[in-house]
Amino acid sequence: MSNGAGDIAPDRWRMLGLLALAELLGMSLWFAASAVAPQYQQQWALTAGETAWLTTAVQLGFVLGTALSALLNLADLVPARRLFATSAAGAALANMLVLTADSLAETVPWRVLTGLCLAGVYPPAMKMIATWFRARRGLAVGAIVGALTVGKALPYLVKALPGATIANVTGAASGAALAAAGMVWVGYTDGPYAFPSRPFSWRLVGEVVGQRPWRLAMGGYLGHMWELYAAWTWLPVFVAASLAAQHDHHDAANAQASVVAFAALAVGGLGCLWGGAVADRRGRAWLVNLSMAISGACALLIGLTFGRSLWLLAPVALVWGFFVIADSAQFSVMVTESVPAHAVGTALTLQTSLGFLLTAAAIQLVPVLVARVGWSWAFPVLALGPAVGMASIRRLVSTRVGSTDH
């Protein structure tokens, strides 16, 4: 693999730092309501399935936003700086409007709008950093995904602070997203490897879907996504329920659960950096198959730690958090390498749209399983995703090997 000598732009590391920090701050909106879900559940007497809509609404809004962006080719037509900054500011406003809601029914539309706006924050950033890196693109995109992973965990850290309220967590996330919008608006420019633009075309989506390497990369990505957001959404709840089963002091258990949840999600940031560096050396297919194998094993095993010592639960949760996201950026890099350059933005946006649509089903499935079989057996179904994903990536590798033989 390349050693990175092809990346010569002197500002590339400064730009990576800026975009990574902006993603970290902007994506703190994602779980802003989920982090305080227990308060909402108590305040509005919600069931577990109803509480899940605090997260599922964001997923569906993101799907709607990415679908519209893909169909309208926004990521390939609108300047990235403008798209990111406007979307981050809109998401911050939508998130603050959650505080005006008096019921779940009033909250869900604002969460949907938050997700819709975040469609202009997440996929464009991957394309933006790809304009600055070519030889070390795996590491660079890994850093972006790692930063947004830590950002998504931030609300759990804020919630762990003494006296944290729904308003505190919500306001902190919106303030962070506004800062991200300002940073990108003032400081970002495209790099030397900018992708060529082209006029709008309804056929661009069809051109992307027609690429077999893209479809196989998507198979791996969809398997990964089946597991990822359901794990991120329900692992904090699982940890809290496990600790509550051992402690009479629920306030202390909730604080511990928030810290463990933050650590389990945030460690994924290190996983993304590790994954990017390893993928650039060993190959993306090797890295994603290793990560899916380990994360799938954790999905099978973590239920066995329920109600047991935190010293048993926490290591499995941390390993799962590390590997469940370590491969995510590499699927995006595979997409950038499997379609024509003029379609990269639309391909990334279509990829995330389909992937997040799948996550909504997985998120809603877990509480149904918990009600029927309990926490100890609710997570193994998520291991099906990595199994299917690994099979698809093996076919992708075989296809590429076959094409080089001819």
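**Close-up views of a predicted model**

**View 1. Helix 15 spans residues 310–326.** The helix has 17 residues. From first C-alpha to last it reaches 24 Å, close to the 24 Å expected at 1.5 Å a residue. The model is predicted. Buried positions in helix 15 include Leu313, Ala314 and Ala317. Trp320, Gly321, Phe322, Phe323, Val324, Ile325 and Ala326 are buried as well.

**View 2. Serine 309 sits at the start of helix 15.** One of its side-chain oxygens reaches toward the backbone of tryptophan 311. That oxygen comes to within 3.0 Å of the tryptophan 311 backbone nitrogen.

**View 3. Glutamine 59 lies in helix 4.** Helix 4 covers residues 53–71. Is glutamine 59 buried or exposed? Glutamine 59 counts as buried, because its relative accessibility is 0%, and buried means under 20%. Leaving aside residues up to four places away in sequence, glutamine 59 touches Trp30, Tyr229, Phe356, Thr359, Ala360 and Ile363.

**View 4. The largest cavity holds about 30 Å³ of space.** A search of the whole structure finds 1 cavity of 30 Å³ or more. Helix 6 (80–97) and helix 8 (122–130) are the elements that give two or more residues to the lining of the largest cavity. Helix 8 provides the largest share, 3 residues.

View 5. The lining residues of the largest cavity are Ala75, Val78, Ala80, Leu83, Pro124, Lys127 and Met128.

How values were computed:
Residues are numbered from 1 along each chain as its sequence is written. This is a predicted model: local features need pLDDT of at least 70, side-chain atom pairs count only at pLDDT 80 or more; totals for chains, interfaces and linings use all residues. Side-chain values use heavy atoms; hydrogens and water are left out. Helices (H or I, at least four residues) and strands (E, at least two) are DSSP runs, numbered from the N terminus. The expected span of a helix is 1.5 Å times one less than its number of residues. Buried means under 20% relative accessible area, exposed over 50%, partly exposed in between (1.4 Å probe, protein chains only). A polar contact is a pair of N or O atoms within 3.5 Å; within protein, one must be able to donate a hydrogen and the other to accept it, and residues adjacent in sequence count only if both atoms are side-chain atoms. Contact means heavy atoms within 4.5 Å. On a 1 Å grid over the protein atoms alone, a cavity is a set of points where a 1.4 Å probe fits but cannot get out, and a pocket is an open set with protein on both sides within 12 Å along at least five of seven lines; lining residues have an atom within 4 Å of a point. Grid points are joined across faces, edges and corners, and a volume is the space filled by probe spheres set on the points.
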